[in-house]
Every structure is written in C-alpha cells, then in structure tokens.
Amino acid sequence: MRISRRRVGAVVQKEWMEFRQSKSILWAMSVLPIILVLGIIGLNATLAQHAGSSPDDLGEIDIPAALSGLSPLAVFLVQLNDQMLVTLLTIAVALPAYIAASSIISEKQTKTLEPLLATPTSTLELLLGKALGAISPAVITTWLAYGLILVGLSVVTIPTVAAYAYRPAWLAAMLLLCPLMALLSVLCGLCISSRVNDPRVAQQIMAFLLLPLIFLGTGTVGGWLYISLPLVLLGVLILAMVDSGLFWLTVWLFRREVILTRWQ
Amino acid sequence: MIHAEGLSKQFITKGQSRLAVDSLTLHIEQGEVFGFLGPNGAGKTTTVRMLCTLIAPSAGQGWVAGYPLGSQNERIRSSIGILTETPGLYAKLSAVENLTFFARLYGVQEVSKQIEKYLSLLGLWEKRQQPVGSFSKGMRQKLAIARALLHEPPILFLDEPTGGLDPESVKVVRQFIQQLRGEGRTIFICTHNLDEADRLCDRIGILQQRLIRIDTPAGLRQSLYGNSVTVRLASVTDKILAQVRSLPFIHAVQQAEQSLTLQVEDPPQNNPELIRALVTAGADIQFVEEHQQSLETVYFNLLAQAREGSRED
Ligand SMILES: Nc1ncnc2c1ncn2[C@@H]1O[C@H](COP(=O)(O)OP(=O)(O)OP(=O)(O)O)[C@@H](O)[C@H]1O
Ligand SMILES: [Mg+2]
C-alpha cells in the first residue's frame with residue numbers, strides 16, 4: 001500500500017483550515033490551557049512565599065519515596081503541580097476526541113464525503129490525514145502550555161519544586177505519552193463516528209477515555225501514586241500497542257460504501 | 001470507455017431488500033455524451049455511484065476508462081470527474097480553498113493555474129475568496145462542476161447538472177457542457193430535463209430499474225410509432241379510411257372529425273404516395289402537417305409500456 005504524503009498533507013491542511021473557522025474549537029484550544037497555565041503559576045507564586053514556615057497540617061498525606069527529602073510544602077507543591085500537569089494532558093485527550101468525532105460526521109451531514117471518497121484518496125490516507133489533523137492542534141497547544149508553565153515556575157516557585165515539573169518522567173509524558181493519548185482519542189472518535197451519525201453520541205462515548213486520567217490525577221493528589229519514568233514508559237508502551245491495533249481496526253471498520261449509503 | 005455488463009445493485013435496509021438497478025448492460029464510446037433519463041428513484045444515481053466506485057455492484061461487472069470495477073478502483077477514480085447529486089462543498093472554506101484541497105487529492109500539478117482556468121470559465125473568479133457558505137445554489141453547482149474538472153478527467157459524470165438552477169445558469173452550464181464535448185471527453189449526464197438530453201446528448205438511455213431503451217434522440221422519437229402526419233380533409237368517408245388503411249407504410253390511423261392522424265413509416269418518402277391515394281379515393285385535402293413526436297411523449301409512452309410490462313410479469 002503506497003501512501004501519498006501529498007494527499008495526507010492536503011487532508012491535514014483542510015482540517016486545519018476548518019478549525020480556524022470553528023469558534024468552539026478555537027475557544028477550547030485556548031481558554032482551557034490559559035486557565036491551567038495561570039492557575040498553576042498563580043498557586044505556586046502564592047504558596048511558595050510561605051517556603052520559610054513549615055505548616056504541620058500538610059504532614060497528613062502520604063509522601064511518595066521520590067519526594068522524601070523535601071519539605072512538606074515542597075511536597076505539596078510538587079503534588080499539586082503533578083495534578084495540574086495531568087489535567088493539562090486531559091486537554092490533549094478531550095480536544096482531539098471532540099474534533100475527530102465531528103470530523104467524519106460533519107462530512108456525512110454536509111455531503112462532502114461523497115466527492116471526497118470519489119477522489120483517488122485511499123481510506124488509509126484519509127484516516128491518517130484526519131487523525132494527524134485532529135491531533136496536531138491539541139498536542140501543539142499542550143506543548144505550548146507546558147513550556148509556559150516551565151518558564152513561569154522557574155520564576156515564581158521554589159527551584160526544587162520547579163525542577164520536579166521537568167523531571168524525565170514529565171518530559172517523556174509530554175513528548176511521548178501526550179501524542180499517543182491524543183491519537184488514542186482520535187482513533188476512538190473516528191471509529192465511533194464512522195458508525196454513529198450524531199456527534200454528541202460519539203463525544204459522550206469518548207468521555208470514558210478520560211477515566212484513566214482522572215484516576216491518575218486523583219492518585220497524584222492523594223499521594224498514593226507518583227508519576228515516575230518507569231510508569232510513564234510503561235504507559236507509552238501500552239498506548240503504542242493499543243494505538244497501532246486501533247488504527248488498523250479503524251481502517252478496517254471504515255467501510256466506504258456503508259458510511260456513504262447508511263446516511264439518508 | 002464505459003462498459004457495464006449485467007450491473008445490478010440491491011440495497012438492504014432494515015431487513016428489506018430493494019433492487020435499485022437491475023442487470024444494466026451498456027456501452028459508451030469515448031467522446032460520447034450519454035444522457036441517462038428516468039423518473040425519481042429509477043436508479044440513475046445508484047448507477048453513477050457504482051461506475052464511480054463509490055458503491056460496489058451486487059452483481060455484474062463494469063469497466064471504466066479500461067479498468068475493471070472492484071480491483072482497480074483507485075485508477076478509475078483518477079480518470080473520472082464527478083458532479084454528485086448534492087454539490088458537497090466545505091461551506092466554511094472559500095472557493096479557492098475548496099478547489100485547492102481537491103486538486104491536491106487528485107494530484108493536479110499546476111494547482112493554481114487549473115483553479116484559475118475553471119473558476120474563470122464558470123464565472124466564479126471574482127468570488128474566489130468568499131466562503132462557499134455564502135454562495136447561491138447556482139454558484140455552488142458551478143463550483144462543484146469546476147471541481148470535477150480540475151484534474152482534466154477524460155470521463156465526466158454529471159448527476160443532474162442543471163437541477164434547480166435558474167434559466168440563465170442553466171444556459172451557462174449547458175454551454176459549458178457543449179464546450180467540454182468539443183474537447184473529446186466522455187460525458188455521462190443524469191437528468192430529468194428531456195429537452196436538455198435531446199439537445200446535448202448523442203445517445204439517451206431510459207432507465208426504470210432496468211434499461212428500457214437506449215438510442216439516439218432522433219431514433220427514440222421514431223422508435224415508438226415512427227413519425228406522424230395529420231391530414232385535414234373536407235370530409236372523411238369510409239372509402240377514404242379503407243384506402244388509407246390498405247397502404248403498407250401506414251401503421252396507425254386515428255380519426256378526429258375532419259382530420260386523420262397517421263403514423264407513417266418514412267414521411268418524406270411515403271407522403272407523396274399517401275396523398276395520391278387520398279386524392280384517388282375522392283378526398284379534398286385542406287392541410288397536411290407533419291408533426292414529430294416530442295421526446296417527452298416518447299418518454300412517457302416508454303415508461304408506461306415498461307410499467308405494463310412489469311405488471312404482466
Ligand atoms: N443508500 C440506500 N439505501 C437504500 N435504498 C437506496 C439507497 N440509495 C438509493 N436507494 C433506493 O434505490 C432506488 C434508486 O435510487 P436512486 O437514487 O439511484 O434514483 P435516481 O434515479 O437517482 O432518482 P432521482 O431522480 O430522484 O435522483 C430508490 O428506490 C432508492 O430508494
Ligand atoms: Mg438521483
């Protein structure tokens with residue numbers, strides 16, 4: 001099977017041009033990350049001023065081994081930041097899901113799918129283009145927000161706390177886990193939307209994808225889960241396998257004729 | 001160029017099966033303009049979709065541009081242009097953005113040159129930067145026609161190219177099709193407009209699930225009863241009627257007061273003899289009129305025959 005980069009590129013570019021016109025996507029892409037970036041920097045700036053004092057009431061929660069040498073306040077801040085960064089990752093999952101689910105369905109609704117399928121574009125090229133088109137804005141937004149957070153933290157917070165925000169585990173999570181999670185969500189979106197005609201149904205089903213992240217976020221705050229490099233790499237490995245399997249499933253499920261004719 | 005053998009399509013919805021196209025066999029030569037006529041639900045769009053590899057036939061085989069349906073679909077898609085029943089354009093994108101996207105998918109080399117060529121030909125160049133959502137129906141239709149041609153396909157499928165357009169746009173589109181025909185392209189047009197089919201097409205196929213008839217427009221007009229001639233007489237007598245009926249080239253006689261409408265096999269050749277026979281029988285001829293059957297009459301008659309035929313089955 002030959003993949004034409006030109007055609008995949010054309011699909012990606014077209015998706016981008018359509019987002020540019022879509023207010024809801026632009027809002028979701030900018031507002032959520034901005035709130036997170038401001039929240040995380042603001043909280044650190046406020047709390048880091050009490051670095052001298054050692055509030056005893058923070059000693060109640062579990063402290064992961066990796067943080068054992070830190071002051072209770074620093075532990076609290078690292079855990080807070082970890083939780084915020086997990087939340088940042090949810091953007092990378094939720095946004096592509098939204099985009100991908102609407103993508104195929106809106107092509108069905110506006111009847112653009114028929115002339116599109118009449119071009120020599122293969123199913124693989126089409127889905128690859130749609131997937132990359134939906135992932136890229138989310139991943140780039142996430143990276144941008146992460147960059148801003150790192151810059152902000154290095155200015156406002158305790159240096160050791162700031163360093164924890166770019167420890168290898170987080171770098172790996174942002175660089176590898178984030179695109180893979182975005183891909184997972186996009187693939188679920190494409191898979192579902194080629195079968196379902198209502199974008200809302202597709203979006204609701206995909207809310208389930210957020211469950212593991214909520215678990216991760218709760219664990220971080222609770223102190224019983226620490227985001228370590230092995231944990232992230234394990235996640236990367238699992239996701240890479242799930243993603244590639246799901247990609248072929250999506251291509252296989254995408255029956256051009258059924259998608260075209262079931263929609264009346 | 002386009003060849004179909006026993007092509008059929010059966011749709012199954014909610015456990016009910018419905019035969020949309022029944023064993024269609026047809027051959028269309030390169031450079032031919034073929035008109036596909038038939039009432040709503042006759043299976044025209046379904047046929048076009050099968051030939052454009054958008055849906056797979058349930059039975060039968062087909063070749064488009066020399067490639068077989070099914071195994072060489074991507075090759076076929078590169079060789080054809082299609083105007084779908086609904087234009088299907090991205091409303092948020094401008095005319096140029098829409099065309100650029102499709103030009104790249106078709107692998108067009110000189111994208112902007114091709115876009116300029118077809119937008120200008122169809123009178124949309126001035127509007128090229130406007131979002132298609134703001135376009136009128138006619139403008140969208142023209143843009144969709146431009147899209148079908150960007151990659152200069154040798155074969156073009158047009159599903160109701162002038163449906164729902166105002167007379168002026170209809171004229172523009174028809175002139176444009178005439179021009180394309182001059183370029184030697186094979187054009188397959190689905191239409192409800194008999195006049196359009198008559199004027200534009202080399203051959204016409206009439207479909208009602210099955211292909212009822214396929215012929216040139218002139219052949220179709222003659223096919224049913226030949227041409228008819230109406231003769232007005234001072235009075236019609238039994239002797240005149242008997243005389244006329246005895247002529248071998250008269251296929252049908254219809255009498256209405258003083259006039260006789262006769263189906264004559266070959267009017268230019270047979271009329272002189274007909275008139276001599278009438279005069280011999282004592283007729284006083286006042287007027288002789290030829291009237292060709294309209295394609296519309298032929299169309300309705302053929303469909304009525306087909307319905308009766310299927311009732312008898
Ligand atoms: N996706 C589909 N699922 C089920 N039945 C279908 C489908 N598409 C078409 N049909 C049926 O097939 C038959 C032929 O439809 P088709 O659209 O080909 O007709 P048409 O000749 O193009 O009609 P029109 O002049 O209205 O465009 C109709 O009875 C229609 O109901
Ligand atoms: Mg139709």
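**Reading an interface**

Analyst: A:Thr112 lies in the loop between helix 3 (72–109) and helix 4 (113–117) of chain A, where helices are DSSP runs of H or I of at least four residues, strands are E runs of at least two, and both are numbered from the N terminus. This is a predicted model, in which local features need pLDDT of at least 70 and side-chain atom pairs count only at pLDDT 80 or more, while totals for chains, interfaces and linings use all residues. Residues are numbered from 1 along each chain as its sequence is written, chains are lettered from A and ligands numbered from 1 in the order in which they are written, and side-chain values use heavy atoms, with hydrogens and water left out.

User: Is A:Thr112 buried or exposed, and which residues does A:Thr112 touch?

Analyst: Buried means under 20% relative accessible area, exposed over 50%, and partly exposed in between (1.4 Å probe, protein chains only). A:Thr112 has a relative accessible area of 0% and is therefore buried. Not counting residues up to four places away in sequence, A:Thr112 touches A:Glu107, B:Gly88, B:Leu89 and B:Tyr90, contact being heavy atoms within 4.5 Å.

User: What is the area buried between chain B and chain A?

Analyst: The size of an interface is often given as the accessible area lost when the parts come together. Buried area here is that loss (1.4 Å probe), summed over both parts. Between chain B and chain A about 2,800 Å² is buried, of which carbon and sulfur atoms give 59%. B:Tyr90, B:Arg104 and B:Leu105 supply 24% of the area that chain B buries against chain A, more than any other three residues. In terms of contacts, 29 residues of chain B meet 29 residues of chain A.

User: How many salt bridges are there between chain B and chain A?

Analyst: Side chains of opposite charge can pair when their charged atoms come close. A salt bridge is a side-chain nitrogen of Lys or Arg within 4 Å of a carboxyl oxygen of Asp or Glu, and the count between chain B and chain A is three. In one of them, B:Glu97 pairs with A:Arg20, the closest N and O atoms being 3.2 Å apart. The side chains of B:Arg49 and A:Glu114 also meet in a salt bridge (2.9 Å, N to O); B:Arg49 lies in helix 1 (residues 44–51) of chain B and A:Glu114 in helix 4 of chain A, so this pair joins two chains. Both B:Arg49 and A:Glu114 are buried.

Technical notes. Buried area is the accessible area (1.4 Å probe) that two parts lose on being put together, summed over both.
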